[in-house]
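Here is a short briefing to read with the model open beside you. Take it one topic at a time and look up each residue as you go.

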Amino acid sequence: MVYGGAFLVLGAVLLGIVNLLSLAGADQDPATGLEGELSDRVRDAVAEQMLIWSSLALLVMAVCAVVVGWWTAGRVLRPVHEMTARARALSVRTPVGGGGEGWGRIAVRGPDDELKELGDTFDGLLARLEAAFDSQRRFIANASHELRTPLATQRAAIQVGLDESASAGELARTRQLLLDSNRRSERLIEGLLVLARSERGLARGETECLDLGEVVAEECERHGVAVGGERVVHVRGNRLLLAQLVRNLVANAVAYNAPGGVVHVSVDEGRLTVANTGPRVDAADVPALFEPFRRGSGRDRMGPGAGLGLSIVRSIAVAHGGTVTAEPGPEGGLVVRVSLPSGIAG
């Protein structure tokens, strides 16, 4: 209707201009400027017939314009209807918070035009929402799973402390157990929060150009570990998260090192390498070390670590557009390499 109405208005304007020009041309002879040979009656009859037939033609073309406009609008808006139907199907099939089979995508097909760009934007939004909900769901599941053990330990210790027949030594051990359990719970919650934050990705305002070598040097100094390599490597990232990444790697290398072993840390061209000379690691077991709550050999659930170190390292690296690889060291232990996009621009 909009197309037909616009055509009718513009056609009426054009028709009026043509009739005015015809009347003006009939009033004067182009050669002499005198009144033409046609009488006033013949001229008026011709003008009236032309106006009638022009109006009828305009009405017919307006109807045709409505039909063509309806057909054109249907073809143009068909991808929008398909996007709406797919989005409605996704909202019905996928519950809030995501599902085990994923959210799916609108996946608009066709030429690279504005509608496909809109569909791709919706797909990107769905991907970010899915990642956010998945991260939230994993955080809740991991926290509820891992906090059961320290809470059960604290409950047992409290029951011992409430026993009137408990000796002074038992009470002292109970207090120490409660303190250790509380510290471990704090580390666990802090690690889960860092993991959830890194998994959701980084916004533009959360990054800055910084010297990765400086961050590595600060963290290694706290653990008494020397740093080799270029030392000055510019990357774009979040300083707090990168410091957490380095801290986890160095702390793991020190904690899982053999007595009298060596921890080697180097920074070269956007790559951070951390290696130690700890117990030998089977290559088939390396991928599992990056899963949450997977501890090294001989580590129990109430040990000093929360089992989140390498998981946090991987999430932070991915959030910065980097990668993490690990392999058994030639003399035992583990060699972990973190590659980050380098350069001041970003």
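Helices (H or I, at least four residues) and strands (E, at least two) are DSSP runs, numbered from the N terminus. The model is predicted, with local features needing pLDDT of at least 70 and side-chain atom pairs counting only at pLDDT 80 or more, while totals for chains, interfaces and linings use all residues. Residues are numbered from 1 along each chain as its sequence is written, and side-chain values use heavy atoms, with hydrogens and water left out.

**The chain as a whole**

- Of the 346 residues in the protein chain, 32% are buried; buried means under 20% relative accessible area, exposed over 50%, and partly exposed in between (1.4 Å probe, protein chains only).
- The protein chain has an accessible surface of about 21200 Å², and carbon and sulfur atoms supply 61% of that area; the areas come from the Shrake-Rupley method with a 1.4 Å probe, and for residues only the protein chains shown count as cover.
- Among contacts in the protein chain with a separation of 6 or more, 66% link residues 24 or more positions apart; contact means heavy atoms within 4.5 Å.

- Helix H7 covers residues 239-255, and its 17 residues should span 24 Å at 1.5 Å a residue, which agrees with the 24 Å between its end C-alpha atoms; the expected span is 1.5 Å times one less than the number of residues.
- Asn238 caps the N-terminal end of H7, with a side-chain oxygen 3.1 Å from the backbone nitrogen of Leu240.
- The buried residues in H7 include Leu241, Leu245 and Leu249, along with Asn248 and Ala253.
- Gln244 is also part of H7, and its relative accessible area of 14% means that Gln244 is buried.
- The side chains of Gln244 and Asn248 are joined by a polar contact of 2.8 Å; such a contact is a pair of N or O atoms within 3.5 Å, where within protein one must be able to donate a hydrogen and the other to accept it, and residues adjacent in sequence count only if both atoms are side-chain atoms.
- An α-helix has 3.6 residues a turn, so residues three or four places apart point the same way.

**Where H7 meets H8**

- The axes of H7 and helix H8 (residues 309-319) come within 9 Å and cross at roughly 145 degrees; axes are lines fitted to C-alpha atoms, for helices over the stretch in contact, and angles run from 0 to 180 degrees between N-to-C directions.
- This crossing of H7 and H8 is left-handed, meaning that the near helix is turned anticlockwise from the far one by less than a right angle (right-handed if clockwise).
- On the H7 side the meeting residues include Leu241, Gln244 and Asn248, and among those in H8 are Leu310, Val313 and Ile316.
- Gln244 and Val313 are 69 residues apart along the chain, with 7.9 Å between their C-alpha atoms.
- Nine of the eleven residues of H8 are buried, so H8 is largely enclosed by the rest of the structure.
- Gly309, Ser311, Ser315 and Ala319 are among the buried residues of H8.
- Just after H8, Gly321 has a positive phi of about 75 degrees.

**Helix H6, end to end**

- A side-chain oxygen of Asp211 comes within 3.0 Å of the backbone nitrogen of Gly213 at the start of H6.
- The twelve residues of H6 (residues 212-223) should span 16 Å at 1.5 Å a residue, and the end C-alpha atoms are 17 Å apart, which agrees.
- Buried residues in H6 include Val215, Val216, Glu219 and Cys220.

**Residues to look up in other helices**

- Asp123 counts as buried because its relative accessibility is 12%, and its contacts beyond four places in sequence are Arg105, Ile106 and Ala107.
- Thr174 belongs to helix H5 (residues 168-199) and, at 9% relative accessibility, counts as buried.
- Leaving out residues up to four places away in sequence, Thr174 touches Ala157, Val160 and Gly161.
- Ala6 is in helix H1 (residues 2-27) and counts as partly exposed at 40% relative accessibility.
- Ala6 and Ala65 are 59 residues apart along the chain, and their C-alpha atoms are separated by 9.2 Å.
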